[in-house]
Amino acid sequence: MPVARGNGFGIAYEVVGEGPALVLHSGMFQVGEHWSRAGYTSALTAVRTVITVDPLGLGDSDAPVDPADYALARRADSVVAVLDDIGVDRADYWGYSLGALTGYAVAVHAPERLTRLVAGAFDPVGGFRSAIPPMLRDLGLPPDADPFPPMLQGAAANPELAAVIDAAEPAALRANYQAFSREPGVDAELAAAEVPMLMYAGTADPWHDPMRAFAERNGASFFSLPGADHVAGWRRSADVLVRVLPFLQGG
């Protein structure tokens, strides 16, 4: 895989397809290849040059163990480094979960590099913290419990995610979590970025309502996936693509 350099760290990526550039950035415990496995990439390469990224700390990208290296501005720098390495001035961007947070970071810190932003299932208002109380309640854990161990255990139950987790540096996974779980909401800065946005989430995802409210307040497009929780919102690629493709094509 090609490797870009951002803030001294290597960011691995792959490029396929033809047409205007589109960056695909996956969520926590995922790598760029997961977009293909879930059925997204093949539907996009006919109309886009698709750039899939292994997030910092995962896959073939470097794995720093200092939470400061996963701050929002650094996440934006990683995407900009990939665009610079390819020689692309501006690109569409699509991220899911942690990938959506990274897209918010690019829109806030480097909006001139984006043509459009598609954000799936991450709360721009309350950040990750807004999902912690319902997650702990569902698990029967006290409100002051550390969410990271059960989150990691739950992800490891999926064989595809388990392979990524097993290959990762544990301290880097923890540092990544410490960074994104403490980030405040970026709704004010994101609204000021003036990047065309399409947002979506499953109706059973705790981030659905705050995302919809943000979109309504700020004139962004939004759609719901009826009955889908956070995991199902990722898996329902056919339902998502039919809404995202017209947006990417300017519709």
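1. A search of the whole structure turns up 10 salt bridges, each being a side-chain nitrogen of Lys or Arg within 4 Å of a carboxyl oxygen of Asp or Glu. Keep in mind that this is a predicted model, where local features need pLDDT of at least 70, side-chain atom pairs count only at pLDDT 80 or more, and totals for chains, interfaces and linings use all residues. Residues are numbered from 1 along each chain as its sequence is written, and side-chain values use heavy atoms, with hydrogens and water left out.

2. Start with glutamate 33 and arginine 37, whose side chains form a salt bridge (3.0 Å, N to O). Both sit in helix α1 (residues 33-37), 4 residues apart, so about one helical turn separates them. Helices here are DSSP runs of H or I with at least four residues, strands are runs of E with at least two, and both are numbered from the N terminus. Glutamate 33 is partly exposed at a relative accessible area of 46%, and arginine 37 is partly exposed at 44%. On the cut-offs: buried is under 20% relative accessible area, exposed is over 50%, and partly exposed is in between (1.4 Å probe, protein chains only). Glu33 and Arg37 also belong to a salt-bridge network with Glu160.

3. Next, aspartate 84 and arginine 113 meet in a salt bridge (2.9 Å, N to O). Aspartate 84 is in helix α3 (residues 72-86) and arginine 113 is in the loop between α4 and β6, so the pair ties together parts that are 29 residues apart in sequence. Aspartate 84 is partly exposed (48%), whereas arginine 113 is buried (12%).

4. A further salt bridge joins aspartate 146 to arginine 174 (2.9 Å, N to O). This pair links distant parts of the chain, with aspartate 146 in the loop between α5 (132-139) and α6, and arginine 174 in helix α8, 28 residues apart. Aspartate 146 is partly exposed, with a relative accessible area of 36%; arginine 174 is partly exposed as well, at 27%.

5. Now have a look at strand β5 (residues 91-96): 6 of its 6 residues are buried, so the strand is largely enclosed by the rest of the structure. Ala91, Tyr93 and Gly95 point one way, Asp92, Trp94 and Tyr96 the other, and all are buried.

6. As for the neighbours of β5, strand β3 (residues 21-25) runs parallel to β5 and is joined to it by 4 bridges; two strands count as paired if DSSP finds at least two bridges between them. Valine 23 stands opposite tyrosine 93 in β5. Strand β6 (residues 114-120) is also parallel to β5, with 6 bridges between them, and leucine 114 in β6 is the bridge partner of alanine 91. The chain gets from β5 to β6 through helix α4 (residues 98-109) in a right-handed β-α-β crossover, meaning that with the strands pointing away from the viewer, the path from the first strand over the helix to the second runs clockwise.

7. Finally, helix α6 (residues 148-156) has Phe148, Met151 and Ala155 buried. Down the axis of α6, its buried residues fall within an arc of 65° (taken from the directions from the helix axis to the C-beta atoms), so they line one face of the helix. Their cover includes α7 (159-167) and α8 (170-182), where contact is heavy atoms within 4.5 Å.
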